[in-house]
Amino acid sequence: MSVLQDLENRSGNQCELCASTNNLSIYEVKPVSTGGVDGSVLACEKCITQIDNPENTEANHWRCLNDSMWSEHRAVKVLAWRM
């Protein structure tokens with residue numbers, strides 16, 4: 001299986017941060033990423049845009065972190081903590 005397929009299976013085909021099902025893609029957790037499934041998350045375009053451009057952060061969008069910070073996957077927890 002590809003990394004994308006593994007992440008889709010792991011996340012139930014939804015953003016691992018906000019649970020959106022629109023415009024999903026792989027996001028590698030920076031600055032140090034092992035790549036692959038363990039170093040990446042499946043995230044929606046809105047989350048990725050706000051992660052990469054913190055000046056555009058919409059505080060209300062990130063209320064979803066109350067749930068995603070309890071993920072069993074390290075990459076998801078790291079992004080939740082950072083945001």
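What share of the contacts with a separation of 6 or more in the protein chain comes from residues 24 or more positions apart? The share is 52%. Keep in mind that this is a predicted model. Here's a quick tour, starting with the overall layout.

**Overall layout**
- You'll find four helices and two strands in the protein chain, and along the sequence they run α-β-β-α-α-α.
- The radius of gyration is 12 Å, which agrees with the value near 12 Å that a compact globule of 83 residues would have.

- Of the 83 residues, 36% are buried.
- The accessible surface is about 5300 Å², and carbon and sulfur atoms account for 47% of that.

**The main core**
- The largest nonpolar core has 18 residues, and Cys15, Leu17, Tyr27, Val41, Cys47, Trp62 and Leu79 have the most contacts inside it.
- In soluble globular proteins, nonpolar side chains tend to be buried together.
- Looking beyond its neighbours within four places in sequence, Tyr27 is in contact with several residues, including Val41, Ile48, Ile51 and Leu79.

**A look at helix H2**
- Cys47, Ile48, Gln50 and Ile51 are the residues of H2 that are buried.
- Seen down the axis of H2, the buried residues fall within an arc of 165°, so they line one face of the helix.
- Strand S1 (24-28), S2 and H4 are among the parts that cover these buried residues.

Terms used. Residues are numbered from 1 along each chain as its sequence is written. This is a predicted model: local features need pLDDT of at least 70, side-chain atom pairs count only at pLDDT 80 or more; totals for chains, interfaces and linings use all residues. Side-chain values use heavy atoms; hydrogens and water are left out. A nonpolar core is a set of buried Ala, Val, Leu, Ile, Met, Phe, Trp, Tyr and Cys residues joined through side-chain atoms within 4.5 Å. Buried means under 20% relative accessible area, exposed over 50%, partly exposed in between (1.4 Å probe, protein chains only). Contact means heavy atoms within 4.5 Å. The arc is that of the directions from the helix axis to the C-beta atoms. The radius of gyration is taken over C-alpha atoms; the globule rule is 2.2 Å times the number of residues to the power 0.38. Accessible areas come from the Shrake-Rupley method with a 1.4 Å probe; for residues, only the protein chains shown count as cover.
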